[in-house]
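Trainee: I'd like to learn how to read a few features off a model. Could you walk me through one, bit by bit?

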There are 2 protein chains.
Amino acid sequence: MIAVDWGGSSFRAFRLDAAGQVIAQRRCDQGVLSCRSGFDQVLAQQLADWDEPLVVMAGMIGSRQGWRETPYVDCPASLAQIAGGLQPLPACALPGREIWIAPGLRSTVAGRCDVMRGEETQVAGLLPDLGDAVQWICLPGTHSKLVQIEQGCIVDFSTAMTGELFQLLREHSLLGRLMQPGQPDEAAFDRGLDDSAGSDGLLRQLFAVRTHGLFATLPAASLASYLSGLLIGSELRSRPDGVTQLLLVGADTLTAAYARACARLGIGASTCHGEESAAQGLYRLARIRGLRG
Amino acid sequence: MIAVDWGGSSFRAFRLDAAGQVIAQRRCDQGVLSCRSGFDQVLAQQLADWDEPLVVMAGMIGSRQGWRETPYVDCPASLAQIAGGLQPLPACALPGREIWIAPGLRSTVAGRCDVMRGEETQVAGLLPDLGDAVQWICLPGTHSKLVQIEQGCIVDFSTAMTGELFQLLREHSLLGRLMQPGQPDEAAFDRGLDDSAGSDGLLRQLFAVRTHGLFATLPAASLASYLSGLLIGSELRSRPDGVTQLLLVGADTLTAAYARACARLGIGASTCHGEESAAQGLYRLARIRGLRG
């Protein structure tokens, strides 16, 4: 089968053998929000020389802005419940292919409402190896997800705007004006982590990026690292009570930064490379649903 | 004399009589960051038919990006100390005018470092009426300032990025995509204020703007009011211990929103229209320094 992780800004496809092993992969920048032609054309072009008929997709492609909106499945959700939410596209959507789109997840625990689309398939790829104890998975990114797992179910989760706020502040705010490009500065990152502890709150803490720049108490090339430390520190400090151990899933540079932050904040952390977990998750969901390539 | 409040995005000039009363005023959008010609040309043009020779200016015009960088005066600072920091431009800067620029303020209390440029002249305009007791003044805006006053001195202050973050999130973030223009919605604003109370932190709370939009639990035209409530609530909740009463100084719509937030959060608040307080402050500083028009 072919697994596709089609998010807002990128498209990734994985060709899997019958045992679910990735035998080829491909990516392009034609995300749902940046797609310059029809979704069918992009998909046909990207999969041109892969002849497996079954294609299972996850991510923003299943949102209101995507190809077909698939309803959210509510938490707590097992793999079987998520698999039950897979929706087929009409056979005519792309000749010769049988296309399914995974549902997103919704959590309304404790009066809050939160959603994810795409990350749930990454979690699905990891779930069978996690055992029955309560576990917390953190998937850092534009919208960082903190997911609570128990007995093979996604019980609850929440989203932090950490990555998007970092980009916004660096590119569009007064704070970004004094920044210079540079290598990551671990000391500045740690200082940001420490400064995120105060009762003065994130809105006040952020302004220190400017004063460090104005008075050169940090090099201009280190201000982005300091900002990153403030934001990641703020995210991790506002985790639910009782979270003392995290499984960090994602790209290497990002999970490394989060692992450093966890160590400094006294949170236990292990790391898992997240590149292929979405593909593994889609494979599992397809098997549970009884889909065969 | 003529008082000029020249910030990043706007220019405002006030013509004052000998007693410090505003007899005329003028504004334009040629802020320091948006100035399309030289500062001297803009000033000459704006003051063309006002013949008072003495011009005293405050705001970003005194920053590194401005006409001449004037050093910060450190807190605690009295009016006399701020007046002592006024810097003259060379006589040739603008023929027929004697131009002075007010210093900014810097506070390094408790290891933090914070700065302001412009707001200190607004405070200077109010100081003589405040008495000797400790008071807290909040000047909402792009960068909201919370200023501690005691015995006629500015003792300390801090900056919250509230207004800038609101603009950034509305204009450039995923949260802004679901927003529609609309009248301020007080119920949505209150809900944002209430939701800013949680221990889940601002980075997670912000994502509720998206889910309220996705599931239409708030009208699209009310999402901006909800976001505003979240941010102002977050700012006010992270005030220093012991702040139970605020003097709100600024534009009417903004101080009204902050007054509503204070009432809901149990903070006493009085409001002062801030339009002319910068002019009053520059007049007082000029008098203390012994400058005469």
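Mentor: Helices (H or I, at least four residues) and strands (E, at least two) are DSSP runs, numbered from the N terminus. Before going on, note that this is a predicted model, where local features need pLDDT of at least 70, side-chain atom pairs count only at pLDDT 80 or more, and totals for chains, interfaces and linings use all residues. Residues are numbered from 1 along each chain as its sequence is written, chains are lettered from A and ligands numbered from 1 in the order in which they are written, and side-chain values use heavy atoms, with hydrogens and water left out.

Trainee: How do I read the strand order in the open sheet of chain B?

Mentor: Strands of a sheet pair through backbone hydrogen bonds, either parallel or antiparallel. Two strands count as paired if DSSP finds at least two bridges between them. Here the order is β5-β9-β10 in chain B, with mixed pairing. β5 (73–74) and β10 (114–116) of chain B are the edges, each pairing on one side only. β5(B) runs parallel to β9 (residues 105–107) of chain B, and two bridges join them; B:D74 has B:R106 in β9(B) as its bridge partner.

Trainee: How many bridges join β14 to β15 in chain B?

Mentor: Six, between β14 (residues 245–250) and β15 (residues 268–273) of chain B, which run parallel. The link from β14(B) to β15(B) goes through helix α10 (residues 252–265) of chain B, a right-handed β-α-β crossover (with the strands pointing away from the viewer, the path from the first strand over the helix to the second runs clockwise). B:V249 stands opposite B:C272 in β15(B).

Trainee: Now the interface. How much area do chain B and chain A bury between them?

Mentor: The size of an interface is often given as the accessible area lost when the parts come together. With a 1.4 Å probe, and summed over both parts, chain B and chain A bury about 3,800 Å², 66% of it on carbon and sulfur atoms. B:L203, B:R204 and B:F207 supply 22% of the area that chain B buries against chain A, more than any other three residues. By contact (heavy atoms within 4.5 Å), 43 residues of chain B meet 43 of chain A.

Trainee: How many salt bridges cross between chain B and chain A?

Mentor: Zero by the rule, which asks for a side-chain nitrogen of Lys or Arg within 4 Å of a carboxyl oxygen of Asp or Glu. A:R26 is in strand β3 (residues 22–28) of chain A and A:D49 in the loop between α1 (39–46) and β4 (54–58) of chain A, 23 residues apart.

Note on methods: Buried area is the accessible area (1.4 Å probe) that two parts lose on being put together, summed over both.
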